[in-house]
Amino acid sequence: MSTLKAVRGTRDLLPPETELWNFVEETARRVFARYNFGEIRTPIFEDTQLFARGVGEETDIVSKEMYTWEDRARAQSEKAQSLTLRPENTAGVVRAYIENKLGETGLLQKLYYIGPQFRRERPQKGRYRQFYQIGAEVIGPPSAGSESPLRDAEVLEMLATLLTELGIEGWKLELNSVGSMSDRPRYIAALREALKEKAPLMCSDCQQRANTNPLRVLDCKVPEDQPIIETLPKIADFLDESSKAHFAAVCAALDACGVAYSVNPRLVRGLDYYTRTTFEFTHGGLGAQNALLGGGRYDGLSEVIGGPKAPGIGFAMGEDRLILTLQAQADQKLALADAYIAPLGEALNPAALELARDLRRAGLRIELGDGGFRLKKSFEMGNKLARKIVLLGENELQSGILTVKDFASGEQVKVPRTELAQSLKAE
Ligand code: HAM
């Protein structure tokens, strides 16, 4: 009999990796609690209409990627219903906000969630059909301050803190404003106009998007289309005064607390509900699927799914991608030796072996090169294998002062041999 396997794009999470998942989730819960968020758990499947209306019919998620089925009626009194495995959690949270009348408290609702989401995308590194998100939403009536740019900045500052506490290094925050509900039609009209001429030169997806949802053209990843996209109108030029002021206030609050960001005018994101602030945190180590998390403001979403005015902002992080990043960082740190010793000439090999022995006895992880290598090759090998390189030439041997270069910072220092072990241990 043929063996049965986990469905394409799904996988089992096993120990010891699950320990890392628990660490990530516990850290997130701890940080969210400090910002006074509470947990929400919404159903894993919802009425298909929720996503069609909330996320947008023309988005890739709704038009191509949802797991949707017709749920048969079980009794005469029941009606068949189209149901969908949730591809994201924001629409579900807003539905729950409306259904549970959370707006009637008059307070901001600060809700977080951790759980599986489902999208029928082409699986690749960092992209799965069942994946996990850790997300949070801040939503409430305008009287509770839900429209304030301070809410946007607070969410972004919380994310910077969370990533730091998770030990994720080297992330980048990209920020944009996609304008309000009234800015957007003016921009889309200008985009449509520009695309009349340009779309025929673009990929077939873009040709279709130019008609159905021109904003999505800006998301296109096809390399040949990029120079054309650069020439299209920019949304920043279509923001009205209040949207401009909102964006400037978000930036000013981030500046005040030292959260670094870059403005990316093309960041429109793949869901239709966004207004004003949109953002993504990316990480270079992830390859093509480099978005660790994404989010933004959705001031009109509640009304679109039949609720009261309830502006909000939120994000969702790809937990699978956080784990991949943490694993890559751990592998990198584990694999790198403390130092690579480069004897400068074969005559220095014996002295280099002796130096390596002493450093290893001092507990350091040492790679020993070879005096037969040219200096350039020693640097190349050292850079792959170790954090630092120690040069041992005739001068160094005589003076007892060694040259040590740190590959990450590029800093080069002279260290007496007697202090070398201590200095290599320092970081
Ligand atoms: P999203 O950008 O579609 O936004 O997804 C957020 C994050 O989920 C992505 O940055 C990525 O890390 C992860 N992700 C998405 N698809 C996959 C996949 N197939 N495999 C692995 N990871 C994936 C949203 O979902 C919005 N609901 C975020 C939001 C919340 N906006 C406002 N509030």
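**Ground rules.** I am reading a predicted model, where local features need pLDDT of at least 70, side-chain atom pairs need 80 or more, and totals for chains, interfaces and linings use all residues. Residues are numbered from 1 along each chain as its sequence is written, and side-chain values use heavy atoms, without hydrogens and water.

**Ligand.** I looked up what surrounds the ligand and found 27 residues; a residue counts if one of its heavy atoms lies within 4 Å. The closest are Glu88, Glu121, Tyr128, Glu137 and Tyr274. By class, I noted twelve nonpolar, eight polar and seven charged residues. Here Ala, Val, Leu, Ile, Met, Phe, Trp, Tyr, Cys and Pro are nonpolar, Asp, Glu, Lys and Arg are charged, and the others, Gly among them, are polar.

I then checked backbone atoms. A polar backbone atom of alanine 291 is 2.9 Å from a ligand oxygen. For leucine 292, a backbone N or O atom lies 3.1 Å from an oxygen of the ligand. Phenylalanine 315 places a backbone N or O atom 3.2 Å from a ligand nitrogen. The ligand alone exposes 660 Å², and the protein buries 96% of that (Shrake-Rupley method, 1.4 Å probe).

**Helix α12.** Next I turned to residues 349-361, a helix by DSSP (H or I, at least four residues). Ala351, Ala352, Leu355, Ala356 and Leu359 are buried (under 20% relative accessible area, 1.4 Å probe, protein chains only). Seen down the axis, the buried residues of α12 fall within an arc of 140° (by directions from the axis to the C-beta atoms), so they line one face. On the other side, Pro350, Leu353 and Arg361 are exposed (over 50%).

Note on methods:
Polar contact = N/O pair within 3.5 Å; in protein donor to acceptor, adjacent residues only side chain to side chain. Helix = DSSP H or I, 4+ residues; strand = E, 2+ residues; numbered from the N terminus. Expected span 1.5 Å × (residues − 1).
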